[in-house]
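Here is a short note on the fold, to be read beside the coordinates. Please follow the points in order.

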Amino acid sequence: MNFSINDACWDYYPQDALFDMMEAHPLLFPRYKRPSGRHTPDYRLNSRKDQPYTDDFGCVWTTAINGITGTVTGHPLADWAAFENWECPNPDICTGIGPIDRGSAKSRAKKQKAEGKTVSAGLRHGHTFLQLSDLRGYENLMYDFADEPPVLNRLIERLERFNTEIVKHWLEAGADIMGFPDDLGMQQGPMLSPAHFRKYIKPSYRRMMKLARDKGAAIHMHSDGDIRLLADDLTGCGVDVLNLQDLVNGIDWIAERFAGKVCIELDIDRQNITPHGTPTQIDALIREEAEKLGSPQGGLMMVYGLYPGVPLENAAAVMDAMEKYAGYYS
């Protein structure tokens, strides 16, 4: 069970109320220590209000709210003419969305390993499909998939090389779980056709995931949105843990397709019931999910992200239900 509080929440809600809720739910926040003063988040580089951020690939991010991940408003390869002078970043010193000290990161991972802890690592969110969209712009990319310009394959090859080097860095550090988060879904259906996914995206996924699996790492895949048409393709790449959203895909569909086959990491609704329903409805939703997707053998994890706009009583109801049903089959 994982309950995360988005950084934007600390300016939106009374902080003492959030502190109280965290203290009251030790299963969700087992190492929490209440601060003596205000909590000031360290906003990520692409989540700072009115501070455009140019990432390692040259994409420009902007946001209007501190703590909310920005939108790419500057696409460095919107015109293919820029490709010949465009340079892929160096994976030895950056993640794609900011700098990293690889030596320190590996030392921390090895220390975790020595302490018997699970080492979780992974690529940045949006490592392949979204990265192509950020570089070209979504509409341009859709035309590219249809028009098949040779330069598109060159870009994909360079991007895969960059991502593969990052995967190798983490595997050398002893990663037990490798994450491959890349949003593919909309409210209804995927953002690209299954045929285009299979031709342009899946081969990179499969090669990178195989590299990790061959080194003994479990494969974690995350995607927001409706990914039902891509389900077989994703599991066919060797995914062990699939993080997907509950209501947009459907609880019954998730149960039929994945229960008992892969580990389900269920992203609890943030669009309908938790922001607009009642605590009773929230409890019923999470109970239904535990009943239909869980089992005495395990295979179900739940995550929830709190964002501004959710009534605090509803946020507390999510916490209550997550703790209540965490032991449903115990």
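1. **Helix H2.** Start with H2, residues 15-23. Its buried residues are Gln 15, Leu 18, Phe 19, Met 21 and Met 22. Buried here means under 20% relative accessible area, exposed means over 50%, and partly exposed is in between (1.4 Å probe, protein chains only). The five span an arc of only 165° around the axis, so they sit on the same side of H2. That arc is taken over the directions from the helix axis to the C-beta atoms. Their cover includes strands E1 (2-5) and E10 (300-306), together with helices H1 (9-12) and H13 (312-326). Contact means heavy atoms within 4.5 Å. Helices (H or I, at least four residues) and strands (E, at least two) are DSSP runs, numbered from the N terminus.

2. **Basis of the model.** The model is predicted: local features need pLDDT of at least 70 and side-chain atom pairs pLDDT 80 or more, whereas totals for chains, interfaces and linings use all residues. Residues are numbered from 1 along each chain as its sequence is written, and side-chain values use heavy atoms, without hydrogens or water.

3. **The seven-stranded sheet.** What is the strand order of the open sheet with parallel pairing? It reads E1-E10-E9-E8-E7-E6-E5. Strands E1 and E5 (120-122) are at the edges, and each pairs on one side only. Neighbouring strands are turned by 20° against each other on average, direction ignored. Two strands pair if DSSP finds at least two bridges between them. Axes are lines fitted to C-alpha atoms, for helices over the stretch in contact, and angles run from 0 to 180 degrees between N-to-C directions.

4. **Strand E9 and its partners.** E9 covers residues 263-267, and four of its five residues are buried. Towards E8 (residues 241-245), E9 makes a parallel pairing over five bridges. Towards E10, there are four bridges, also parallel. Leu 244 stands opposite Leu 266. In E10, Met 302 is the bridge partner of Leu 266.

5. **Strand E8, other contacts.** E8 also pairs in the parallel sense with E7 (residues 218-222), over three bridges. Here Leu 242 of E8 stands opposite Met 221. Helix H10 (residues 251-258) lies across E8 and E9. H10 runs at about 165° to E8.

6. **The three-stranded sheet.** A further open sheet has the order E2-E3-E4, with antiparallel pairing. E2 (53-54) and E4 (71-74) each have a single partner strand, so one side of each lacks a neighbour in the sheet. E2 and E3 (residues 60-62) are joined by two bridges. Tyr 53 has Trp 61 of E3 as its bridge partner.

7. **H4 against H6.** How do helices H4 (residues 129-136) and H6 (residues 150-172) cross? Their axes come within 11 Å and cross at roughly 125°. That makes H4 oblique to H6. Angles under 35 degrees count as roughly parallel, over 145 as roughly antiparallel, 65 to 115 as roughly perpendicular, and the rest as oblique. H4 contributes Gln 131, Leu 132, Leu 135 and Arg 136 to the contact, and H6 contributes Leu 155, Ile 156 and Leu 159. The crossing is right-handed. Right-handed means the near helix is turned clockwise from the far one by less than a right angle, left-handed anticlockwise.

8. **Thr 118.** This residue sits in the loop between helix H3 (102-114) and E5. Thr 118 is partly exposed, at 48% relative accessibility. Leaving aside neighbours within four places in sequence, Thr 118 contacts Gln 112, Asp 176 and Ile 177.

9. Most residues other than glycine have a negative phi. Which way does Asp 50 go, positive or negative? Its phi is positive, about 55°. Asp 50 belongs to the loop between H2 and E2, and is exposed, with a relative accessible area of 60%. Glu 148, not a glycine either, has a positive phi of about 55°. Glu 148 lies in the loop between H5 (138-147) and H6. With a relative accessible area of 43%, Glu 148 is partly exposed.
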